[in-house]
Amino acid sequence: MHLARFPRRRYTPFWTPIEPLPNLSAALAGPEVWVKRDDMLGLASGGNKTRKLEFLVADALEQGADTLITVGAVQSNHCRLTLAAARREGLQCQLVLEERVPGSYREDGSGNNLLYRLMGAERIEVVQGGSDLNAAMQGLADELAAVGRKAYLIPGGGSNALGALGYAACAEELLAQAFDLGLRIDHLVVSSGSGGTHAGLLAGLRAAQADLPVTGVSVRAERGAQEARIQALADDTLALAGADVRVRPEDVVVDDAYVGPGYSLPSDEMVEAVQMFARLEGVLLDPVYTGKTAAGLIGLVRAGRFDPSERVLLLHTGGSPALYAYQDVVLKELAG
Ligand SMILES: *Cc1c(COP(=O)(O)O)cnc(C)c1O
């Protein structure tokens, strides 16, 4: 892939670290568990959307936009980071927030919600779960156009092919870094939500002909639907990058056993994972994405899915600001 052909803004002036988790690995008595710290990416509090926004915001600037409009859940890391990128670039930012859990939006909410207000979103429009989000964004864009302004629309999670290039770039970074460190990685575990992260990684690994198995842990959708979404987006990403390959269907692996009661709703497995990472390693996960993804990793280890001689890498996609909106949940005392 020749990614340097694409306009790109730089929001992280370094490769994110790859670190061992020796205490967690010992506690699980399974494979070596390592983590790639994409929670340390640039922009306000980091996380995976920063990589996607490098390409998306560069495109917005090329098109002469003055305002970024995007959409997310009420505690959206993606909305927080889109707003932070807008501030960095001197752009305005408007947000459409989808109340996926009825009544969950609180204007004075903490976590990401606090940061929307602190960084000064120009407008926040709250819509009911299941609404036509593209239409809601277009409505805001039309209002801006009527007064001579120009909006750039970013889909939920920044997960179109252009945004997913950020994770194709991450795959290249990860391979170069593992080579540099002399670190053989046997398996990658990553969150699978709106899909740009999982699909972009698969696209980048495929283009590099790197046979590194990836398990995407679903945080929302059931397996079949999510695998179809990932396959389509990975292929779109390869096509956009001009790579003459397709991701093989057998490489698209989604585990949907850790969604719990639903998107953003707590599960005991998530709470256990958040507590283990914090207490054994001082690494902060989040309740909506990485907590469930790490629960998936822990579940796979306990199920004997990996050989003790293997090395498993968790891609830490960020999200810790949401912890502050889930205080009681993450401090829950679990039985046993
Ligand atoms: C958005 C998000 C994800 C999921 O990434 P997708 O590219 O939407 O699949 C995972 N972790 C965190 C912290 C996120 O904010």
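Biologist: What should I know about the model before we start?
Modeller: The model is predicted; local features need pLDDT of at least 70, side-chain atom pairs count only at pLDDT 80 or more, and totals for chains, interfaces and linings use all residues. Residues are numbered from 1 along each chain as its sequence is written, and side-chain values use heavy atoms, with hydrogens and water left out.

Biologist: How is the chain divided?
Modeller: The chain is split into domain 1 (3-47 + 160-330) and domain 2 (49-158), with bounds that come from an automatic or database domain assignment. Their C-alpha centres lie 24 Å apart. Domain 1 brings 40 residues to the contact and domain 2 brings 35 residues, where contact means heavy atoms within 4.5 Å.

Biologist: And what area is buried between domain 1 and domain 2?
Modeller: About 3000 Å² is buried between domain 1 and domain 2, and carbon and sulfur atoms give 58% of that. Buried area here is the accessible area (1.4 Å probe) that two parts lose on being put together, summed over both.

Biologist: Which residues in domain 1 lose the most area to domain 2?
Modeller: They are Arg9, Tyr11 and Leu43, which together account for 21% of what the domain 1 side buries.

Biologist: How many salt bridges are there between domain 1 and domain 2?
Modeller: The count between the two domains is 5 salt bridges, a salt bridge being a side-chain nitrogen of Lys or Arg within 4 Å of a carboxyl oxygen of Asp or Glu. A search of the whole structure finds 22.

Biologist: Let us look at single pairs. What does Arg37 meet in a salt bridge?
Modeller: Its partner is Glu19, at 3.0 Å from N to O. This pair links distant parts of the chain, with Arg37 in strand β2 (residues 32-37) and Glu19 in strand β1 (residues 18-20), 18 residues apart. Strands (E, at least two residues) and helices (H or I, at least four) are DSSP runs, numbered from the N terminus.

Biologist: Is Arg37 buried or exposed?
Modeller: Arg37 is buried, at a relative accessible area of 13%, whereas Glu19 is partly exposed, at 26%. The classes are buried under 20% relative accessible area, exposed over 50%, and partly exposed in between (1.4 Å probe, protein chains only).

Biologist: Which other pairs can you give me?
Modeller: Glu143 and Arg123 meet in a salt bridge at 2.8 Å, N to O. Glu143 lies in helix α5 (residues 133-146) and Arg123 in strand β5 (residues 123-128), 20 residues apart. Glu143 counts as partly exposed at 46% relative accessibility, and Arg123 is partly exposed at 28%. Salt bridges that share partners also join Lys36, Asp38, Arg51 and Glu173 into one network. Elsewhere, Glu54 forms a salt bridge with Arg8, the closest N and O atoms being 2.8 Å apart.

Biologist: Changing topic: which residues of the largest nonpolar core touch the most other members?
Modeller: Of its 33 residues, these are Leu21, Leu24, Leu28, Phe277, Leu297 and Leu314. The elements α1, β2, α9, α10 and β10 each supply at least two residues of this core. A nonpolar core is a set of buried Ala, Val, Leu, Ile, Met, Phe, Trp, Tyr and Cys residues joined through side-chain atoms within 4.5 Å.

Biologist: What is Leu24 in contact with?
Modeller: Leaving aside neighbours within four places in sequence, Leu24 is in contact with Val33, Met276, Phe277, Leu280 and Glu281. There is also a second, separate core of 29 residues, which includes Phe6, Leu81, Ala84 and Cys93.

Biologist: Which residues are buried in α9?
Modeller: They are Met270, Val271, Ala273, Val274, Gln275, Met276 and Phe277. The buried residues of α9 pack against α1 (22-28), α10 (290-302), β10 (311-316) and α11 (327-330).

Biologist: What should the 14 residues of α9 span?
Modeller: Helix α9 (residues 268-281) should span 20 Å at 1.5 Å a residue, and its end C-alpha atoms are 19 Å apart, which agrees. The expected span is 1.5 Å times one less than the number of residues. Gly282 follows α9 and has a positive phi, near 65°.

Biologist: Which residue has a positive phi although it is not a glycine?
Modeller: Ser264 is one of them, with a phi of about 70°. Ser264 sits in the loop between β9 (254-255) and α9 and counts as buried at 13% relative accessibility. Ala29 also has a positive phi, of about 50°, although not a glycine. Ala29 is in the loop between α1 and β2 and is exposed, with a relative accessible area of 66%.
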